[in-house]
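Have the structure in view as you read, and follow along from one region to the next.

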Amino acid sequence: EINATARGALDTLAQVLTSQGVRQVELRGYATGEDPDDARKVALVRTLAVRMYLIDQGVRARIEVLAQAAPAKSGAKERVDILTP
């Protein structure tokens, strides 16, 4: 689920991407866990949720998705980074 704060940030981002005519976006999702395969799946689901939200907000750019896992004790943050060239 995308919380209200994140939705607000994504709404603003979608407006900027659309108004600037951005053609490509890269989403990098991160998750941690004991099992790297499970963590990677969580990261992928999280990243795909952001992708679908941006599409629903009218972003027409090509959106590439990457998902990465980190060990639970690594101190890595659970997040999705959004990059544009």
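The lining of the largest pocket consists of E1, I2, N3, A6, L10, V45, R46, A49, V50, R79, V80 and I82. A pocket here is an open set of points on a 1 Å grid over the protein atoms alone, where a 1.4 Å probe fits, with protein on both sides within 12 Å along at least five of seven lines; lining residues have an atom within 4 Å of a point. This is a predicted model: local features need pLDDT of at least 70, and side-chain atom pairs count only at pLDDT 80 or more, while totals for chains, interfaces and linings use all residues. Residues are numbered from 1 along each chain as its sequence is written, and side-chain values use heavy atoms, leaving out hydrogens and water.

The largest pocket holds about 240 Å³ of space, a volume being the space filled by probe spheres set on the points, which are joined across faces, edges and corners. Its lining has eight nonpolar residues, one polar and three charged. At least two lining residues come from each of α1 (4-20), α2 (36-56) and β3 (79-83), and α2 gives the most, with four. Helices (H or I, at least four residues) and strands (E, at least two) are DSSP runs, numbered from the N terminus.

Now for the sheet. Three strands form an open sheet in the order β2-β1-β3, with mixed pairing; two strands pair if DSSP finds at least two bridges between them. At the edges are β2 (62-71) and β3, each pairing on one side only. Strand β1 (residues 24-33) runs antiparallel to β3, and five bridges join them. Within β3, D81 stands opposite R28.

Two residues are worth a visit. G33 lies in strand β1, while T84 sits in the segment after β3. T84 is partly exposed, at a relative accessible area of 42% (partly exposed lies between buried, under 20%, and exposed, over 50%, with a 1.4 Å probe and protein chains only). The table gives their contacts (heavy atoms within 4.5 Å), leaving aside residues up to four places away in sequence, and one C-alpha separation for each.

| Residue | Contacts | C-alpha separation |
|---|---|---|
| T84 | L17, V22, Q24 and V25 | 19 Å to G8, 76 residues apart along the chain |
| G33 | A39, A70, P71 and A72 | 22 Å to A6, 27 residues apart along the chain |

Terms used. Ala, Val, Leu, Ile, Met, Phe, Trp, Tyr, Cys and Pro count as nonpolar, Asp, Glu, Lys and Arg as charged, and the others, Gly among them, as polar.
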